[in-house]
Each structure stands twice: as structure tokens, then as C-alpha cells.
Amino acid sequence: MTPTYRLWQRLSTVPLGNRLFSAGMVLRVPYFGTILPTVVALRPGHCEVRAPKWWGVHNHIRTFHAIAACNLAEIAMGMLAEATVPSTHRWIPAGMTVTYVAKAKTSLHAVARLDGIPEFPTEPIDVPVPVSIRDTSGVEVVKATITIRVSPAA
């Protein structure tokens with residue numbers, strides 16, 4: 001179990017613990033702070049993150065900017081990886097495909113989910129992580145698949 005996931009397990013049980021965890025995540029990866037994310041659920045193979053629509057994520061038509069949505073997808077994938085990949089291994093993003101399905105006119109909710117937890121062998125493997133991003137009405141606005149390369153820790 002990674003230190004990140006251990007911290008989530010400890011903080012998620014206390015009032016406002018998910019906000020404190022999310023603030024710590026932003027301190028560790030400052031770029032994530034541009035979308036004001038809050039991790040709302042985290043377990044092996046599953047992560048949910050919310051991000052509010054505010055002027056800092058607007059594009060020229062005042063919707064949630066496409067790259068800000070990609071940032072949200074990467075947060076969900078990264079936290080899923082931290083909860084899923086054993087501490088005997090390391091992971092790094094290797095690629096991302098994104099489809100912008102609809103205009104994102106509201107705050108967003110990203111869900112990264114693996115159908116099953118893969119085995120983590122002694123050889124590097126690529127693990128595709130699907131991420132669905134929906135608006136406050138439940139309409140999917142972005143579909144992403146982020147492939148992570150998992151290898152034994154040196």
C-alpha cells in the first residue's frame with residue numbers, strides 16, 4: 001500500500017478529511033490546483049474527483065476548458081494508480097486519448113475505474129485506465145483513457 005493511499009484511508013474517515021487530503025495532493029502536484037479538485041472516493045481500482053466550474057477553468061465560450069478537463073482526468077487516474085499499484089512497483093503515464101463528447105457547462109465529476117485489478121509482474125506492463133467525466137446533470141462530457149506503464153520499483 002502506498003503512503004498516498006494510507007493517508008486517504010486515515011483522512012477520509014474524519015470530517016473534511018477528503019478536503020485536507022485534496023489540499024495535500026495539490027501541494028504535492030501544484031498544477032492540479034488550477035482546477036480546485038476534491039477527491040470524494042478512493043479505493044483500489046476506483047477513484048472519483050470533483051472540480052467546480054469557476055472563471056479559472058473557463059475557455060473563450062465560458063465552458064470548462066478541454067485541457068482543464070484533461071487535468072481532472074489525470075488526477076482521477078493518478079489517485080486510482082496510487083490506490084491500486086502496490087508499493088513494490090511504480091507507475092508513470094504513457095499516453096492519453098480523449099474524446100470531448102459535449103460542452104462542459106457546469107462543475108464536473110470524474111470517475112476512473114478498472115474492471116479488475118491486474119497482476120503486477122516483474123516485467124513492465126501497460127494498464128489502460130478509463131475515465132468518464134460528467135456534468136452535474138450526469139451527462140458525460142469527456143471520455144478519456146490514460147495508459148500507465150507499471151514496472152517494478154528500482
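The model is predicted, so local features need pLDDT of at least 70 and side-chain atom pairs count only at pLDDT 80 or more, while totals for chains, interfaces and linings use all residues. Residues are numbered from 1 along each chain as its sequence is written, and side-chain values use heavy atoms, with hydrogens and water left out.

The largest nonpolar core has 42 residues; such a core is a set of buried Ala, Val, Leu, Ile, Met, Phe, Trp, Tyr and Cys residues joined through side-chain atoms within 4.5 Å, where buried means under 20% relative accessible area, exposed over 50% and partly exposed in between (1.4 Å probe, protein chains only). Helix H3 (66-84) is among the elements that supply at least two residues each, and H3 gives the largest share, 11 residues. Helices (H or I, at least four residues) and strands (E, at least two) are DSSP runs, numbered from the N terminus. Val39 is one of the residues with the most contacts inside the core.

The whole structure contains 1 salt bridge, defined as a side-chain nitrogen of Lys or Arg within 4 Å of a carboxyl oxygen of Asp or Glu. Asp126 pairs here with Arg149, their closest N and O atoms being 2.7 Å apart. Because Asp126 lies in strand S5 (residues 125-135) and Arg149 in strand S6 (residues 140-152), the pair ties together parts that are 23 residues apart in sequence. Asp126 is partly exposed, at 42% relative accessible area, and Arg149 is partly exposed, at 39%.

Lys53 is located in the loop between S2 and H3 and is partly exposed, with 27% relative accessibility.
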